[in-house]
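Please look through the model below before reading my comments. The points are meant to be checked against the coordinates one at a time.

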Amino acid sequence: MNSVEKLIEIGFGFLDTGKYKEAITYFNKAIAIDPQSSEAYEGRSMANYMLLEVDAAMEDVTKAIELDPKNHKALSSRSNLYAIKDDHTKAIADLEKALEIAPENIYYIVCLAHSYLIKKDYEKTISLCSEVLHVDTVHYYSLTYKASAFIALKKYDDAIGCSQKLLDNYTHTGELYNNLAFCQIYIGDLSQAKKNFNAAIKLDEAYAYPWDNLGYVYYLEKDHTEALRLIEQSIRLDPSNSWAYKNRALVYLATGRKQEAKEDLLHALELGYTKDYDTETEELLAKEFHYR
């Protein structure tokens, strides 16, 4: 083993144990001896990333790819950096190149599915997750991303199937119960939805979303007092939850508090409701307040 290989090995050893500055020292030594070492630049990029030096990490990983265009690990790392910068088009391009080089790498497929989910290409997300699930039938992230894509496509029965499989195979969490119950609202099973939202709250009282969603169920049942209590608890836990402001606006509209409803709808828009979900807040503002 030559000295460059040994230096890189030591650098990755420090990287694995969380000693990132020490890792950089050894990758620097390797680069000084061999400026053409793609692996050394890749390792230094990873260390810089862990130190939150994103620009330096991007520069190093790009150099690693220039030196070795078949370095699929570097392509995957750069994809992650592009995702951090919200450039998911470039993130997807790098992951697809990585998969061409290492087509059996499940991690790359799952990351690609997540990028397509963020890009709202739900059919592609489902296709990629199904590819992973053909190999690993209970792969956690594939089931999670597939369920999210099904919800976005309003295929709630399919999403319930994914969520139930997660509950059957993994530790129960508030998030899992919340996601299952959310779908049960839209197939009309309000009783089961209430049961599962309460299970989510019992597991994690600080988790804001089931409080809000349970409040929405009570709104559907026209119990506006309880709906308001639950939604306001959600807002206290997470004041940035645009969905909760939209739901509180629905309760306000149902109880004749139109000005408060308008304020909540406008605030939901400010928080990014339309970007995150759909156009319901804009439609309500147009219908109830002639707001354009």
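The numbered points below go from the overall fold to individual side chains.

1. Basis. This is a predicted model, in which local features need pLDDT of at least 70 and side-chain atom pairs count only at pLDDT 80 or more, while totals for chains, interfaces and linings use all residues. Residues are numbered from 1 along each chain as its sequence is written, and side-chain values use heavy atoms, with hydrogens and water left out.

2. Overall fold. The protein chain has 18 helices and zero strands; helices (H or I, at least four residues) and strands (E, at least two) are DSSP runs, numbered from the N terminus. The C-alpha trace spans about 75 × 40 × 30 Å along its principal axes. Contacts are heavy atoms within 4.5 Å; of those with a separation of 6 or more, 45% join residues 24 or more positions apart.

3. Surface. The accessible surface of the protein chain is about 15100 Å², and carbon and sulfur atoms hold 50% of it. Areas were computed by the Shrake-Rupley method with a 1.4 Å probe, and for residues only the protein chains shown count as cover. Of the 292 residues, 46% count as buried, where buried means under 20% relative accessible area, exposed over 50%, and partly exposed in between (1.4 Å probe, protein chains only).

4. Salt bridges. The whole structure holds 13 salt bridges, each defined as a side-chain nitrogen of Lys or Arg within 4 Å of a carboxyl oxygen of Asp or Glu. Lys 194 and Glu 221 form one of them, at 3.1 Å from N to O. Lys 194 is in helix H12 (residues 190–203) and Glu 221 in the loop between helix H13 (208–220) and helix H14 (224–237), 27 residues apart. Lys 194 is buried at 19% relative accessible area, and Glu 221 is partly exposed at 36%.

5. A further bridge. Lys 155 pairs with Glu 123, with the closest N and O atoms 4.0 Å apart. The pair links distant parts of the chain, 32 residues apart: Lys 155 is in the loop between helix H9 (140–152) and H10, and Glu 123 is in helix H8. Lys 155 is partly exposed at 34% relative accessibility, and so is Glu 123 at 48%. Elsewhere, salt bridges link Glu 232, Arg 248 and Asp 264 in a network.

6. Lys 258. What does the side chain of Lys 258 meet in a salt bridge? The partner is Glu 288, at 3.7 Å from N to O. Glu 288 lies in helix H18 and Lys 258 in helix H16 (residues 258–270), so the bridge ties together parts 30 residues apart in sequence. Lys 258 also lies over the face of Phe 289, 5.2 Å from the ring centre. A charge sits over a ring if NZ of Lys or CZ of Arg is within 6 Å of the ring centre and within 35 degrees of the ring normal.

7. Aromatic pairs. There are 14 aromatic pairs in the structure. Rings of Phe, Tyr and Trp (its six-membered ring) pair if their centres lie within 6.5 Å; planes under 30 degrees apart are stacked, over 60 edge-to-face and the rest tilted. Phe 182 and Tyr 186 have ring centres 5.2 Å apart and planes at 55°, so this pair is tilted. Both belong to a cluster linked by ring pairs, together with Tyr 156, Trp 243, Tyr 273 and Tyr 277. The charged end of Lys 246 sits over the ring of Trp 243, 4.4 Å from its centre.

8. Cysteines. The structure has zero disulfides, a disulfide being a pair of cysteine sulfur atoms within 2.5 Å. Cys 162 is buried at 7% relative accessibility, and Cys 183 is buried at 0%.

9. Backbone. Leu 52 has phi near 65°, a positive value in a residue other than glycine. Leu 52 is in the loop between helix H3 (38–50) and helix H4 (54–67) and is exposed at 71% relative accessibility. Lys 120, likewise not a glycine, has a positive phi of about 65° and lies in the loop between helix H7 (106–118) and helix H8 (122–135).
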